[in-house]
Amino acid sequence: MLKKHIVFVWELGGGLGHVAGFSPLAQALINAGYQLSVISQNVTSAAEILDKLPIDIYQAPIYRQHTDKLEVTYSYPEILLDLGYKSSAELMPLVAAWQNLLGLLKPDLVISDHSPSALIACRILNLKKIMIGTGFFSPPHVSPLPLFVGTNLPDQKRLVDHERQMLLSINQVLDKSATPPLKQVYELFHVEEDFLCTFAELDHYPERQNSRYWGPRFDIDIGVNFTWSKSKTSKIFAYIKQDVPGFDALLEALLTSKKNVVLYVPSASKKTKQTCASYKNVVLLNAPANMRQVLEQADMIVCHAGHGVVSAALLHGKRLLLIPSQLEQSMLVYLLAKQRLVAAVNPRNDNNNYPKAIEFACTNAELGKNVELFQKKYAEFDSSKQLAEMVKSCAKILA
């Protein structure tokens with residue numbers, strides 16, 4: 001008997017969280033006897049993370065024509081308008097490429113991570129589909145789709161007009177394949193199951209109603225082990241990118257904090273390496289850190305608000321200083337800072353006092369109490385049970 005074939009697709013968004021978050025589920029599905037393939041927008045990261053699993057990896061179709069972009073995006077449709085959804089002429093080749101790939105692989109089920117064009121192709125091919133992710137790219141089923149949290153747009157007509165433009169593009173593509181049109185954009189996200197991998201406190205759409213939260217997804221057993229310096233002070237782990245605004249000021253604040261710092265800077269410059277080497281309280285890693293070790297040993301974590309790292313940190317009762325580097329992270333930071341669960345800094349503010357922010361994150365009593373309450377609230381969350389339920393859901397859909 002042939003194994004049922006499940007294809008994981010990832011089209012949009014950066015960072016390792018998309019594939020790393022799927023990795024535990026991939027292992028669980030393979031253990032359950034399914035055949036897996038992955039279509040990834042970043043085949044290098046997919047190969048690195050999934051290298052020990054029997055999975056074929058394919059390059060995802062990517063939209064390259066980034067011209068005439070909106071200066072600011074206020075809703076999910078506005079993001080997609082800049083990524084090929086302005087017209088059917090732009091969208092058609094993208095969807096056709098997904099159709100070709102999925103047609104060749106012949107999946108019994110598609111698991112979609114931030115892959116709207118793949119979802120359109122699934123509709124055309126009449127494939128069973130599941131969505132998986134943080135919630136940012138799984139908006140509530142309302143029309144128009146909500147304004148991004150933390151933003152202000154006096155004229156809501158802009159949202160309606162842009163959503164109609166996106167809907168027209170999608171329906172023109174569907175029409176050419178003799179596929180029934182969508183009445184509203186949110187119908188694109190009607191799937192057999194939506195693995196909404198977050199908690200209510202971390203949901204990018206706090207107004208969402210009647211949805212099941214499956215809990216966050218993350219893989220904390222990847223990365224290299226490390227040794228802290230011999231400093232007896234508080235332990236801080238920091239994962240920061242060199243191209244984020246204010247990097248030099250943040251780095252200096254960490255180095256001079258007299259805390260025990262383990263730091264990972266992807267593609268760190270020679271200057272950064274030399275600077276870090278001159279401080280005895282600092283360990284600079286040349287590869288991602290083992291997150292289980294970080295979560296067991298660090299007192300505070302500094303990062304760019306990736307959903308997986310933030311979720312894992314809060315579940316382990318760790319204090320956080322967040323420096324968002326893109327929109328999805330900024331929305332998450334807005335929500336968590338409003339709940340007094342994290343300390344946060346806007347990297348685009350030239351007047352940031354990073355030493356003060358680090359000290360606040362390490363010592364503020366209200367912050368510590370709220371993190372403790374969050375950890376207690378979700379103390380029974382069990383990622384192994386989550387995976388088992390996901391596998392069971394896939395099996396039910398495939399039955």
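**View 1. Asn 171, a buried residue of helix H6 in the predicted model.** Asn 171 has 16% relative accessibility. Buried means under 20%, so Asn 171 counts as buried. Asn 171 belongs to helix H6. Beyond residues up to four places away in sequence, Asn 171 touches Pro 181 and Leu 182.

**View 2. Met 166 and its contacts.** Met 166 also lies in helix H6, which spans residues 157-176. Its relative accessibility is 0%, so Met 166 is classed as buried. Which residues does Met 166 contact, leaving aside neighbours within four places in sequence? They are Pro 77, Leu 80, Leu 81, Tyr 85 and Val 185. Ala 298 gives a sense of scale: Met 166 and Ala 298 are 132 residues apart along the chain. Their C-alpha atoms are separated by 45 Å.

**View 3. Helix H3 against helix H6.** Two packed helices are described by the angle and the distance between their axes. Helix H3 covers residues 76-85. The axes of H3 and H6 come within 9 Å. They cross at roughly 40°. H3 and H6 are therefore oblique to each other. Their crossing is left-handed.

**View 4. Residues at the contact of H3 with H6.** H3 contributes Pro 77, Glu 78, Leu 80, Leu 81 and Tyr 85. From H6 come Arg 158, Leu 159, His 162, Glu 163, Gln 165, Met 166, Ser 169 and Ile 170. Seven residues of this contact are nonpolar, three are polar and three are charged.

**View 5. An open sheet of six strands.** The strand order is S9-S8-S7-S10-S11-S12. The pairing is parallel. Which strands stand at the edges? They are S9 (282-285) and S12 (343-344). Each has a single partner strand, so one side of each is left without a neighbour in the sheet.

**View 6. Strands S7 and S8 side by side in the sheet.** S7 runs through residues 235-239, and S8 through residues 260-264. The two strands run parallel. How many bridges join S7 to S8? Five bridges do. Phe 237 has Val 262 in S8 as its bridge partner.

**View 7. Helix H12 packed on the sheet.** H12 consists of residues 354-363. This helix touches S7, S10 (300-303), S11 (319-322) and S12. The direction of H12 makes about 155° with that of S11.

Key. Residues are numbered from 1 along each chain as its sequence is written. This is a predicted model: local features need pLDDT of at least 70, side-chain atom pairs count only at pLDDT 80 or more; totals for chains, interfaces and linings use all residues. Side-chain values use heavy atoms; hydrogens and water are left out. Helices (H or I, at least four residues) and strands (E, at least two) are DSSP runs, numbered from the N terminus. Buried means under 20% relative accessible area, exposed over 50%, partly exposed in between (1.4 Å probe, protein chains only). Contact means heavy atoms within 4.5 Å. Axes are lines fitted to C-alpha atoms, for helices over the stretch in contact, and angles run from 0 to 180 degrees between N-to-C directions. Angles under 35 degrees count as roughly parallel, over 145 as roughly antiparallel, 65 to 115 as roughly perpendicular and the rest as oblique. A crossing is left-handed if the near helix is turned anticlockwise from the far one by less than a right angle, and right-handed if clockwise. Ala, Val, Leu, Ile, Met, Phe, Trp, Tyr, Cys and Pro count as nonpolar, Asp, Glu, Lys and Arg as charged, and the others, Gly among them, as polar. Two strands pair if DSSP finds at least two bridges between them.
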